[in-house]
Each structure stands twice: as C-alpha cells, then as structure tokens.
Amino acid sequence: MAGPNRTRSSHLLERARRLVSDPPPGNAVGDLAGDLSVAEVAERRGLPVATVRGIRSFYDQIERMTRVCEGTACRFGGGHALRERLEGLGPVGEVKCLGHCYQAPAFRSGEKVYACPSSERVEDWLDEWGEGPSPMVDLHPIPRANLCDEPVVLRHLLGGAAPAWEEYDLPDPDTILANVDAAKVRGRGGAAFPTATKWRTARQTLADVKYVVANGDEGDPGSYVDRLLLEEDPHTVLAGMLACARVIGATRGIVYIRSEYPHAQRIMRRAIGEARARGVLGAAFDVEVISGAGSYVCGEENALLRSIEGLRGEPSPKPPFPAEAGLFGKPTVVQNVETLALIPWAARRGQPTGTKAVCVSGAVARPGLVEVPLGMSVREVLERGAGGAAPGRTWRMALVGGPMGRVLPVEKFDTPLSYEALPGMGHAGIVVLDDHVSPRELAEHLFAFARGESCGNCTPCRVGTSRLAQVRDRATFERLLTTMEEGSLCGFGSTVPKPLRDLLAVWGEEVLR
C-alpha cells in the first residue's frame, strides 16, 4: 500500500489540479524536443525555469545532430571507422543504441538511420559514399527465424506482417487474469517479474483513474525485438494493453517509445487510429504515444513514469510500486513490449509459451532475430539460428542481455538459455565477439556505458560508475562492485556489476590492465 506521505502528496496534487486550468497536450520533454526555448516551456507548463533547465540537461537526444551508434555490435563492428568518416563531414555525437545491431555499424542523421548491410565490409560500405554526406540507405527488414514447434512472439511475422485483428478478441477479465497466471508470463524486459502478480495489485488498488503503459524504451545494445513488434505487429501490442486494461480497470494507455525509434512511433500512432476506427479503442480505453528523448535509465519503470510526466527520468524508492501509485500518483501497470505481445496468446490459452525471442548480432554469419525454445543452448541458438561464426571470425565470448547482462566465454556456450541456468540474462539478446576483442576492451565499453547512462540520483551508482575505469586493484574493484550492488537505488546500478564479475571470473587481472 502507498505510505501516508505519498497519499497526502497525491491529495495535494489533486487539489492543485482542480485550481488551475489543464495544461496543453504533451509534456515539457516533448516541448523541448519540439524546439521551444526553456523560457517558453516554463511559461507553457507553469514550471520554474530552473526545473525546465534540469529537464533539458537530462536528455541527450533533444539536441539534433548526426549521432553514431555506440552499441556493442556497432562499437566492435567498425564504429570507429564510421565515426572518423562522419567527423570529416561535421559535428558528430553518439547514441547508445539505434536498434540496428544486425546491421552494424549504424548512425542517425535527422529522422533517418543509415546502417552497413551485413553482407558488406564496413570499408566497402564507406567507400560507396563518395565525397558527399549522404551514404547509401540500405535498411533491410529485420531478419527473423523460428526454431520452435510453434512460434509465439513471431506468430504474425514469419509470413509477412498483417494487422492482427483477431488478437483483440479477448475473454472476460477474470479469465484473462487466470490464464496469464497459468501461463506463468514474466516480464521480458529484464526483471522477469510475474505479470499476474503485478496486475492483481493494480486491480485491487482503488482509484478513479488507472493506466497501462507499454515500455518501448528498448535501450539495451543488442536488443531490437521491441522495435520489430512496434513496427510490424503493433496491433498485437495494443491488444495486450487492452487485455491488461480490462483486468485492472484502466481507461488510459500510453506507449512510451524511445526517440531513437521515430519510425516505430509513426507506425504505432497509425495503428492506434486504425483501432479507434474499428471501435476496439476509444471511450472505454484509449491509447496515445509519447516519445522519449534519450535516456537509458528511463527503461526503469519509475524513471519512465517521471519522463511521461515531463520530468527528469530519475528512479525513485519503492514502495510504493507503480501498480499502487504510479503515473500521476495513480495505479499503473508498466509492461515491456515483448511481454504485451505474448498476452493475447496467453490470455486465450492459459499455458506457458516456452519460447524466447533472441536478437543475435556480432560475429555470426546471419545476424537477426530468432525465436527459440527456452533451455536451448547458446551454441545451438548461434549455430542453427544465426548460421554459426561469420567467415574468418573466431569466437571468443558473448555478451548476453546487454550491458547489465552476462558475459559467456566460448567454452560456456553450451549453457542453456533460460532464466534458471543463466540468471540475469535479461532480454537475452546475444552479441558475439571474436578474438580481436580483448576482455579489457569489453570492460572499457561497459564502463563507458555505465558512466554515460547513470542518472546520478544515488551516490553508489553515480560515484561507482565514474570510478570503475580508474581502479586497477582487484580487491578494491570488487568492493566497488559490491557497494553498487547493495546500495544503488534502482536496478541499473545494482546490475552493472554482473557482466564485470563474469569477466573477472574468467580473465581475472587481464580485465583490470
């Protein structure tokens, strides 16, 4: 239950809202991204100028410029050469991941993303540009494959995308909840929290307004399954939100999509319009799209909700949990996009899916997304689903689940891909690294990611991520990791140490040189 201070604050906020006129649509973050000045946003939203400046400084994608992807696949797949070429043409920034890991390296200029076709050498691709600043646009659809008896995540996407109108044909709320529980659906964004438990909490919490939020802030380098679903199967995601809304009694839904996915935002807005026209969305439950503005930590549910409110996307202590007091202090269920895509299937069948969509990138012959049975070994996923090692490449290790996931040396590729055998595997995206990448280089890449994406709201994470690259003594390094694990406010700081401990366990002092 929400504590007395939180309840009192909610009552005061409600009183304040009744005394002032409704703000214009959108939020302060969107206003800033739309090129309004700090002063204009402050006046428009009734916020102090200092608050708006703080919001402006928090998000790194508000400033528009050419940005090179610094995700793991791009960083070790020719990103340095790409950056050098672009710097010869003008100012260049960075973005942590563009969701094109299967075509690395990549960069964004304006609303367009450019990426190296997986069939080409980076050097050849760069040479094709000529002297001008406009490289060849060659964004192929995300390759996908299935190794399951019956695909679930990709059930609409193996024979060509089409509106999945049948997904809106859902059972009654009690049956939905019972079947989601029986199907043992867990969050696919990383925490693997039981979905039915979260829904029950929101259902039992009394409020005049409740929300369902689709977390499309897929910022983990190595993962692009949410982008695929948002762009090619948006109605299945919306049907999952509708199922949740019926269970908990929500009337409003929000699809929060990172700014790095502008095409996904356009597709989802169009799908919402189509669903309204068919009468499946509307007065009883309606949905809108809100864009992020560049912050990895906004994938954390409390930080995401603050971002939707137009504030700095900083985590806050729990309890209360969002299902009790979330967006604008109201009960809110936040679910990752892949999870929501599973819901209509689980709501009708009431049986475990037994599958996982795995994004494979890096030193493999066929990068792409493959749906596999949970429990299949990492090696089999790579060999059957991605064609094995790319020609001339020798595997050394793999990063599973992004920068807060796990590192497996090639000798452990027979590990089953499951939450039990590989705890902390998160979204299970796999970036395979060859023998040209040293353990120290991977560690430095992880250090830079952690330092750049920490929101700075708590001391263990703020100081810890800035110190990681400086420490050379193993005992001191491990104490620092323990401090971050035990003292950080949210899952970001507490899980940064996971892959670093894996590196230490295998390569020891080599990681700290």
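Student: Which helix holds Thr-195, and is Thr-195 buried or exposed?

Tutor: This is a predicted model, so local features need pLDDT of at least 70 and side-chain atom pairs count only at pLDDT 80 or more, while totals for chains, interfaces and linings use all residues. Residues are numbered from 1 along each chain as its sequence is written, and side-chain values use heavy atoms, with hydrogens and water left out. Thr-195 lies in helix α9 (residues 195-204); helices here are DSSP runs of H or I with at least four residues, strands are E runs of at least two, and both are numbered from the N terminus. Its relative accessible area is 0%, so Thr-195 is buried (under 20% is buried, over 50% exposed, in between partly exposed, with a 1.4 Å probe and protein chains only).

Student: Which residues does Thr-195 touch, leaving out those up to four places away in sequence?

Tutor: Contact means heavy atoms within 4.5 Å. With residues up to four places away not counted, the list for Thr-195 is Val-180, Val-185, Arg-186, Gly-187, Gln-335, Thr-339 and Ile-343.

Student: Which residues of α8 are buried, and against which helices do they pack?

Tutor: The buried residues of α8 are Ile-176, Leu-177, Asn-179 and Val-180. They pack against α9, α11 (234-248) and α14.

Student: How do α8 and α14 lie relative to each other?

Tutor: Two packed helices are described by the angle between their axes and the distance between the axes. Axes are lines fitted to C-alpha atoms, for helices over the stretch in contact, and angles run from 0 to 180 degrees between N-to-C directions. The axes of α8 (residues 173-182) and α14 (residues 337-349) come within 7 Å and cross at roughly 100°. That makes the pair roughly perpendicular (65 to 115 degrees; under 35 is roughly parallel, over 145 roughly antiparallel, the rest oblique).

Student: Which residues of α8 and α14 make the contact, and how many are nonpolar?

Tutor: From α8 come Thr-175, Ile-176, Asn-179 and Val-180, and from α14 come Ile-343, Ala-346, Ala-347, Arg-348 and Arg-349. Ala, Val, Leu, Ile, Met, Phe, Trp, Tyr, Cys and Pro count as nonpolar, Asp, Glu, Lys and Arg as charged, and the others, Gly among them, as polar. The contact has two charged residues, two polar and, as asked, five nonpolar.

Student: Which residue caps the N-terminal end of α8?

Tutor: Look for a side-chain oxygen by the backbone nitrogen of Asp-174. One lies 3.1 Å from that nitrogen, and the residue is Asp-172.

Student: What is the phi of Lys-184, and where does Lys-184 lie?

Tutor: Most residues other than glycine have a negative phi, and most peptide bonds are trans. Lys-184 is exposed, with a relative accessible area of 63%. It lies in the loop between α8 and α9.

Student: Which bond joins Ala-104 and Pro-105, and what is omega?

Tutor: Pro-105 is found in the loop between β2 (92-95) and β3 (106-109). The bond to Ala-104 is a cis peptide bond, with omega about 5°.

Student: What is the angle between α18 and α20, and how are they oriented?

Tutor: Helix α18 (residues 474-487) and helix α20 (residues 497-507) have axes 10 Å apart. They pack at an angle of about 155°. That makes α18 and α20 roughly antiparallel.

Conventions: A polar contact is a pair of N or O atoms within 3.5 Å; within protein, one must be able to donate a hydrogen and the other to accept it, and residues adjacent in sequence count only if both atoms are side-chain atoms.
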